[in-house]
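Q: Could you take me through the reading of salt bridges in a model, beginning with the elements that carry them?

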Amino acid sequence: MKRFLTIMIFLAIAFEAYTQKADVKWHTLQEAEMLSRQTPKPIFIDTYTDWCGWCKKMDQETFSNSVIAEILNTKFYPVKFNAEGNESITFLGTTFINDGKAGKAHQLAVALLQGRLSYPTVVFMTQKDKKYQVSPVPGFRQPKEMEILLSYFADQAFETQKWEDYQKSFKGKIE
């Protein structure tokens, strides 16, 4: 009986460790910009709204995954950005406001999403020749899908491989 109990406790601890949720260390846009200047890495921006159910689902299911959190925390400067926020934001030398000209959308959201306002949308900002390239990717992503997407940009595979080819050959940690 003691042996059985010991095995059950061990399995419970192992299961807890395996399914443990992780925290992404989110930065402000200004922090990410400053950090990127000091140590270049891509900036990852989760563009969300308060009313977006799929955004909340992605927070709960995708960003809480330990593999996703590890990739975001080590390979990117992750940022959460409320696309309908009212604060004035200075980013990359330009000040953006929510002036109401795009409905409830903030000027920065319109710029980052290239006018295609859809939530959630994740935005990858990569540098080439000291200039940022902006790549918005709309829609909810399960952890497995997000792992492929994050790796594609973290490994800079987008510079040499088509997305379709990268997806076919990708071997990730998430089953």
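A: The chain holds seven helices and six strands, where helices (H or I, at least four residues) and strands (E, at least two) are DSSP runs numbered from the N terminus. Read from the N terminus on, the elements follow the order α-α-β-α-α-β-β-β-α-β-β-α-α. This is a predicted model, in which local features need pLDDT of at least 70 and side-chain atom pairs count only at pLDDT 80 or more, while totals for chains, interfaces and linings use all residues. Residues are numbered from 1 along each chain as its sequence is written, and side-chain values use heavy atoms, with hydrogens and water left out.

Q: What is a salt bridge, and how many does the rule give here?

A: Side chains of opposite charge can pair when their charged atoms come close. The rule asks for a side-chain nitrogen of Lys or Arg within 4 Å of a carboxyl oxygen of Asp or Glu, and by this rule the count comes to five salt bridges.

Q: Where do lysine 57 and glutamate 61 lie relative to one another in helix α3?

A: Because lysine 57 and glutamate 61 are four residues apart in helix α3 (residues 53-61), about one helical turn separates them. Their side chains meet in a salt bridge with an N to O distance of 2.7 Å. Lysine 57 is partly exposed at 28% relative accessibility, and glutamate 61 is also partly exposed, at 32%; the classes are buried for under 20% relative accessible area, exposed for over 50%, and partly exposed in between (1.4 Å probe, protein chains only).

Q: Which residue forms a salt bridge with lysine 80?

A: The partner of lysine 80 is aspartate 59, with the closest N and O atoms 2.7 Å apart. This pair links distant parts of the chain, since lysine 80 sits in strand β2 (residues 77-82) and aspartate 59 in helix α3, 21 residues apart. Both count as partly exposed, lysine 80 at 27% relative accessibility and aspartate 59 at 32%. Asp59 and Lys80 also belong, together with Asp46, to a network of salt bridges.

Q: Which parts of the chain does the pair of glutamate 70 and lysine 173 tie together?

A: The closest N and O atoms of glutamate 70 and lysine 173 are 3.9 Å apart in their salt bridge. Glutamate 70 lies in helix α4 (residues 66-75) and lysine 173 in the segment after α7 (163-169), so the pair ties together parts that are 103 residues apart in sequence. Glutamate 70 is partly exposed at 43% relative accessibility, whereas lysine 173 is exposed, with a relative accessible area of 58%.
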